[in-house]
Structure formats: C-alpha cells, structure tokens
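User: I'm new to this one. Can you walk me through it?
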Amino acid sequence: MKLATLNNGTRDGSLIVVDRNLQWAALVPHIATTLQGVLDEWDSKAPRLEETYRSLNKGEIKGFSLPPAQLAAPFPRAYQWLDGSAYLSHVERVRKARGAEMPQSFWTDPLMYQGGSDYFLGPREPIRVMDEAFGVDFEAEVVVITDDVPLGITPAHASSHIKLLTLVNDISLRHLIPAELAKGFGFVHGKPASALAPVVVTPDELGEAWDGAKVHLPLRTYWNGKLFGEPEAGEDMQFDFPQLISHAAKTRSLSAGTLIGSGTVSNVDWRRGYSCIAECRVMEIIAGGSATTPFMSYGDRVRIEMEDRHGRSIFGAIEQEVSR
C-alpha cells in the first residue's frame with residue numbers, strides 16, 4: 001500500500017491512503033489520523049489500511065484527486081532519524097576530497113549518524129539557507145521505516161521490522177562540515193532539515209525490486225532539469241538495510257517510526273552519474289586536479305525520483321528549490 005500525509009495546518013498533518021498510480025487519495029480518520037499512529041499499532045491498523053488501499057485502486061470508494069502541492073513529509077516529525085553511509089564508493093570519494101584516508105574498519109563496521117528529526121521538509125518545500133556560500137548540496141537516498149526493533153537484533157531477523165520505504169534528500173552544507181567533523185563530535189550545522197518523498201510504500205509495492213534487504217532500481221536525480229545521476233540502488237551497497245538496522249540496535253532498542261537511511265546512493269561505475277555534487281567534484285579533482293562543478297545557488301532546483309521497471313513513479317518526486 002501507499003500512504004502520505006496531507007498538510008492540514010497542524011504539526012503532524014492528516015494520514016491519507018494513496019492509490020498505486022499516485023492520482024487518488026482517501027482520508028482514513030476512522031483507522032488512524034497520523035502515520036506515526038499506524039506504526040505504533042501496525043498489526044491492527046495495517047490490515048485495515050490495506051483494505052482501503054485495495055478498494056481505492058478498484059474504484060470501490062470515492063477518493064479525491066491527490067494534491068501534490070498540499071502534501072507534507074509523510075513524517076512531518078519523527079522520533080528518530082538515523083542515516084547510514086552504506087555505499088563506500090561515495091564515502092571513499094568524499095573523504096579523498098577532504099584529504100582523509102579510508103580506514104579499513106569502514107569495510108566491516110557501518111558509518112551512521114543521528115540526524116535531526118524534529119522537522120522534515122515536505123517534498124516541495126524549499127531548501128532555505130542563510131548563505132549560499134555554505135556549499136549547498138543534495139544527497140539522494142533510500143529510507144526504510146521500522147516498527148519497534150528489539151535491542152541486539154541480528155541482521156537475519158531485522159528485515160521483518162521494515163514496514164515502509166521512501167526516499168530522502170539528506171541536504172548537506174559542504175563548507176560547514178569539515179570544521180564540524182574536526183571537532184570530533186559529529187554534524188549539527190552541516191546537516192539542516194532533510195526532505196522526504198511524498199509517499200511511503202510497503203515493501204510488497206516494489207515487487208521483485210525488493211529482496212528483503214536492498215532496492216534494485218535506479219535512483220534518478222535531476223539538477224535544474226538535467227539528469228545528474230541514476231546509480232543503481234541495489235549495487236555496491238556494502239551494508240544492506242537489515243545490517244544497518246542491526247548496527248543501530250547494537251546498544252539500544254529502536255522505537256516504531258525510526259527512519260534509517262542508506263546514505264548517498266553511489267556506484268563504483270561513475271558513468272551512471274552521482275546522487276550528490278560533492279562526489280562529482282571529487283571525480284573532477286581526480287581527473288583534472290580541480291573541481292569545476294559548483295554547489296547549488298539560490299534558484300537552483302533538484303528533483304529526486306525512483307521509477308519501477310514500467311516507468312511509474314513509486315514514491316512521487318522530491319522537487320525543491322534553494323531559497324534565501
């Protein structure tokens with residue numbers, strides 16, 4: 001099934017069920033009012049939402065035309081946002097740009113940081129920055145959302161806790177990050193609010209593209225209308241989602257509604273393009289000694305989307321413009 005959140009002027013919006021083609025929607029206050037409420041009682045609420053979803057697709061219930069401009073992030077705020085960095089080709093290239101070596105432990109122990117989840121940008125909300133000199137960059141990623149995950153879960157048992165998937169633009173302010181990391185205490189200013197795709201879907205919506213651990217489809221990013229990259233999300237992912245969940249739950253349980261990101265999707269084959277500007281700049285440095293592609297400026301637009309093998313949008317598109 002596919003679910004979204006309608007912006008109704010409140011902090012958490014209204015839960016809606018969306019049809020497979022992202023054209024029609026239905027409010028379901030008799031089942032749940034928010035997506036978090038669904039995750040809190042997944043076993044009892046998900047079957048009822050599935051029935052509504054089937055009826056909506058068959059035209060058995062009267063919905064309303066899906067209004068993309070009125071959609072909030074599916075989770076306008078979440079209890080927890082943990083972002084991994086599972087594509088080591090991206091990690092290696094970005095570290096090289098900072099003059100940092102790739103530790104051997106990175107191949108066996110996942111990277112992960114705790115991001116701000118008190119507010120997620122909607123799929124069409126602008127990227128607002130005080131100064132474009134901060135080095136505004138997009139980062140296209142896949143995200144899974146879990147139910148309650150017990151402490152110490154193994155990768156073998158973690159897949160069953162993945163209830164929903166979506167996309168995220170994990171926005172980075174590249175010129176602020178090096179000084180923050182040099183303090184040895186992680187990101188704050190270099191990672192402003194991230195943006196989520198319009199719709200979250202249950203794993204079965206991906207069909208054969210979902211193997212229980214990875215999404216085997218290209219993730220496309222357009223910058224000012226031009227294709228910037230379409231790496232395959234299922235390739236070169238050193239740590240799959242069950243491994244990332246297990247890593248996150250090593251010393252604590254995870255509450256229902258935890259979002260876990262894949263990190264910037266990246267392939268060893270650079271000819272497929274990139275999911276962030278930083279990686280492109282690194283390749284320019286390697287090839288010619290200096291970076292020629294700038295970071296984003298005011299007025300620049302980014303579009304992030306994943307389509308199925310038939311060319312249909314799965315999660316809808318993140319479409320954002322950088323604004324002052």
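Analyst: One term to begin: a residue is buried under 20% relative accessible area, exposed over 50% and partly exposed in between, with a 1.4 Å probe and protein chains only. By that cut-off, 56% of the 324 residues of the protein chain count as buried. This is a predicted model, where local features need pLDDT of at least 70, side-chain atom pairs count only at pLDDT 80 or more, and totals for chains, interfaces and linings use all residues. Residues are numbered from 1 along each chain as its sequence is written, and side-chain values use heavy atoms, leaving out hydrogens and water.

User: How many helices and strands are there?
Analyst: The protein chain has seven helices and 18 strands. These are DSSP runs numbered from the N terminus: helices are H or I with at least four residues, strands are E with at least two.

User: Why does it count as compact?
Analyst: The radius of gyration is 19 Å, close to the 20 Å from the globule rule for 324 residues, so the protein chain is as compact as a globular protein of that length. The radius is taken over C-alpha atoms, and the rule is 2.2 Å times the number of residues to the power 0.38.

User: New topic. What is the strand order in the open sheet of five strands?
Analyst: The order is E7-E18-E17-E14-E15, with mixed pairing. Its edge strands are E7 (127–128) and E15 (226–229), each pairing on one side only. Two strands pair if DSSP finds at least two bridges between them.

User: How many bridges join E17 to E18?
Analyst: Four, and the two strands run antiparallel. Arg301 has Glu321 in E18 as its bridge partner.

User: What about Thr221, buried or exposed?
Analyst: Thr221 is buried, because its relative accessibility is 0%. It is found in strand E14 (residues 220–223). Not counting residues up to four places away in sequence, Thr221 touches residues including Phe138, Tyr274 and Val302. Contact means heavy atoms within 4.5 Å.

User: Which residues have the most contacts inside the largest nonpolar core?
Analyst: Val142, Leu165, Leu167, Ile245, Met306 and Phe315, in a core of 66 residues. Strands E17 and E18 are among the elements that each supply at least two residues of this core. A second, separate core of 30 residues includes Met1, Val28, Phe120 and Ala256. A nonpolar core is a set of buried Ala, Val, Leu, Ile, Met, Phe, Trp, Tyr and Cys residues joined through side-chain atoms within 4.5 Å.
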